[in-house]
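Me: Please take a close look at a single residue of this model. I would like to know where it sits, what surrounds it, and how its setting relates to the rest of the chain.

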Amino acid sequence: MTQEFPVTFAEATAEDFPVALEFIRNLWDYNTYDEESTRVTYEKVIADPNSFVFFARAADGSYCGMCHGDYFQTFWMNGLTCYVSSLIVRESDRGRGVGTALLDHALGLAKARGCKAATLDSGLPRTAAHAFYEHYGFEKSCYGFEIQL
């Protein structure tokens, strides 16, 4: 598929943290993020061989999207699974193919890693995101639950 808005991908580095923090704060705008503790988490994630974080960049070099995920073994698939935990597109670039490009790249990494499946979740109020994921080919498969510890 030809992208309406061509992007390139760049693996996240420690120097990209300010950009990552902006994307994180924009996606979960109902949450409060302490910069230092978020930086520690970010650095752990980019150092983890079972995680990935990458950015989509426009032709002018600006950051237009970010994707983060993890690889883990599951009984569900009896093998390696990819969990896409963050897929964030700059609001002004939504609807231009950036989200599709991010997912294509993430799933390409998962296939290369030997994953049998990919999964993701999305907050209940994010109905536009749900429509995007279903249009992409994801199927609703479960309810997600969480508890603070």
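Reply:
**One residue and its setting**

Leaving aside residues up to four places away in sequence, Arg25 touches Tyr33 and Glu35, a contact being heavy atoms within 4.5 Å. The model is predicted, so local features need pLDDT of at least 70 and side-chain atom pairs count only at pLDDT 80 or more, while totals for chains, interfaces and linings use all residues. Residues are numbered from 1 along each chain as its sequence is written, and side-chain values use heavy atoms, with hydrogens and water left out.

Arg25 lies in helix H1; helices (H or I, at least four residues) and strands (E, at least two) are DSSP runs, numbered from the N terminus. With a relative accessible area of 36%, Arg25 is partly exposed, that is, between buried (under 20%) and exposed (over 50%), using a 1.4 Å probe and protein chains only. The buried residues of H1 (residues 17-27) are Phe17, Val19, Ala20, Leu21, Phe23, Ile24 and Leu27. Their cover includes helix H2 (35-47), E2, E3 and E4. Thr8 is 17 residues from Arg25 in sequence, and their C-alpha atoms are 23 Å apart in space.

Another helix, H3 (residues 98-113), has 16 residues, which should span 22 Å at 1.5 Å a residue; its end C-alpha atoms are 23 Å apart, which agrees. The expected span is 1.5 Å times one less than the number of residues. In H3, the buried residues are Val98, Gly99, Thr100, Ala101, Leu102, Leu103, Ala106, Leu107 and Ala110. They pack against strands E1 (8-11), E2 (51-57), E3 (63-74), E4 (79-89) and E5 (117-120), and against helix H4 (127-136).

The protein chain as a whole holds 4 helices and 5 strands, in the order β-α-α-β-β-β-α-β-α from the N terminus on. Its radius of gyration is 15 Å, close to the 15 Å that the globule rule gives for 149 residues, so the chain is as compact as a globular protein of that length. That radius is taken over C-alpha atoms, and the rule is 2.2 Å times the number of residues to the power 0.38. Of the 149 residues, 39% count as buried. Among contacts between residues at least 6 apart in sequence, 58% join residues at least 24 apart.
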